[in-house]
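Subject: A structure for you to explore

Hi there,

Here is the structure I promised to pass on. Please open it next to this email and follow along as you read.

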Amino acid sequence: MNIAVLSDIHGNLPALNAVLNDIQNKNIDKILVAGDHITDFPEINEILQTLQELTPYVIKGNREQLLIENAKDSFGNDWEIYDQFSSHAAAFRLLKPKELSYIQSMPEQISLDIDEDFSIRMVHGSPFDMSEAIYEHDVDLMMRCTGAISEKLLICGHTHRPMLKYVGEKIILNPGSVGVSYCGNTTAQYIIIRYNADGLKFEMREIQYDFSELQKACKAALKDGYSKIWLSLLLRSVKDGKDYNFAFLNEVMKNTEKHGIQTFPIPNDMWNKTYDSWAVKDPLFLNVI
Ligand SMILES: [Fe+2]
């Protein structure tokens, strides 16, 4: 039994296509996809259509949940008012009714019995919360997570960093991110699980793809209201395999606190001013789209 595990595609269609191409000759029996398929890159309907045809083993992540909540009108006008949400708002406007129903129908977790010795629980964040990140330094959380499930293997995503940890008799596996990997290079990451009479083996894959294709898709998405700032940060993150988006959010929050103004939602002038200061320090941010 060979199982491909993908997570955190985040709207990056060139990266997903490269992974699916790589999977083709690997004798894969099942494909599992652990959430955050859409937002923050723009080709979201194409990705959801691909997943729906590809495999039944797809769960929702916090990004799908955000769009589902917005469909229930949970955020009022915030997504239209604040620049920090403009990429979410654009994704929501682009999302077709059929694709919205698809993400609404996704389960939060899947349990799979492969045979009597090997079973899998797949979650996006942790078994307790789809937005809770499991990092390898957090031994206490890893023990609580493996203690809370009966399955042998816990698959999670959310951190965009691959991880394989043995916790007693159990294993925690994070395949990293297809669309926005933080591993120091422009690659799409996923993992192949090989299970046979010799036991379990894990093969980490890093697949190169055409960054200029992604740039083109981002440029085209500006007319749909996608945020140039957010897309620039994402593109730079993807190019360097580093997390600029959270670094940027942290700096904006610090700036708002320093000025004694609201930290959430972030006022637009603080959002734009912080980005301008980044672009002055590193002009590549201005030229990435
Ligand atoms: Fe994610």
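Let me start with a term you will need soon: a crossing of two helices is left-handed if the near helix is turned anticlockwise from the far one by less than a right angle, and right-handed if clockwise. Helices (H or I, at least four residues) and strands (E, at least two) are DSSP runs, numbered from the N terminus.

What you have is a predicted model, in which local features need pLDDT of at least 70 and side-chain atom pairs count only at pLDDT 80 or more, while totals for chains, interfaces and linings use all residues. Residues are numbered from 1 along each chain as its sequence is written.

Two packed helices are described by the angle between their axes and the distance between the axes. Axes here are lines fitted to C-alpha atoms, for helices over the stretch in contact, and angles run from 0 to 180 degrees between N-to-C directions.

Helix 3 (residues 62–71) passes helix 6 in a left-handed crossing. On the helix 3 side the contact is made by Glu64, Leu67, Ile68 and Ala71, and on the helix 6 side by Leu100, Ile103 and Gln104. Two residues are in contact if their C-beta atoms, placed from the backbone, lie within 7 Å. The axes of helix 3 and helix 6 are 10 Å apart, at an angle of about 115 degrees.

Helix 2 (residues 44–54) also has a partner in helix 6 (residues 97–105): their axes come within 10 Å and cross at roughly 55 degrees. Helix 2 and helix 6 are therefore oblique to each other (angles under 35 degrees count as roughly parallel, over 145 as roughly antiparallel, 65 to 115 as roughly perpendicular and the rest as oblique). Asn45, Leu48 and Gln52 of helix 2 make this contact with Glu99, Tyr102 and Ile103 of helix 6. Helix 2 passes helix 6 in a left-handed crossing.

How far apart are the end C-alpha atoms of helix 11? They are 20 Å apart, which agrees with the 20 Å that its 14 residues (268–281) should span at 1.5 Å a residue. The expected span is 1.5 Å times one less than the number of residues.

Which residues of helix 11 are buried? They are Met270, Trp271, Thr274, Tyr275 and Trp278. These residues cover an arc of only 130 degrees around the axis, which puts them on the same side of helix 11; the arc is that of the directions from the helix axis to the C-beta atoms. A residue is buried if 20 or more other C-beta atoms lie within 10 Å of its own, exposed if 12 or fewer, and partly exposed in between, with C-beta atoms placed from the backbone. Asp269, Ser277 and Val280 are exposed, on the face of helix 11 turned away from its buried side.

The buried residues of helix 11 pack against helix 9 (228–240), helix 10 (244–258) and helix 12 (284–287). Take helix 10: its axis is 10 Å from that of helix 11, at an angle of about 120 degrees. That makes helix 10 oblique to helix 11. This time the crossing is right-handed. Phe248, Glu251, Val252, Asn255 and Thr256 of helix 10 meet Met270, Trp271, Thr274 and Trp278 of helix 11.

**Some single residues to look up**

Val238 lies in helix 9, and with 29 C-beta neighbours inside 10 Å it counts as buried. Leaving aside neighbours within four places in sequence, Val238 is in contact with Val180, Thr186 and Leu214.

Is His137 buried or exposed? His137 is exposed, with 7 other C-beta atoms within 10 Å, and is found in the loop between strand 4 (118–122) and helix 7 (139–148).

Now try the backbone angles. Thr39, in the loop between strand 2 and helix 2, has a phi near 50 degrees, a positive value in a residue other than glycine. The peptide bond from Thr39 to Asp40 is cis, with omega near 15 degrees. His160 is not a glycine either, yet has a positive phi of about 65 degrees. With 24 C-beta neighbours inside 10 Å, His160 counts as buried. Another cis peptide bond runs from Phe264 to Pro265, with omega near -15 degrees; Pro265 lies in the loop between helix 10 and helix 11.

Enjoy exploring!
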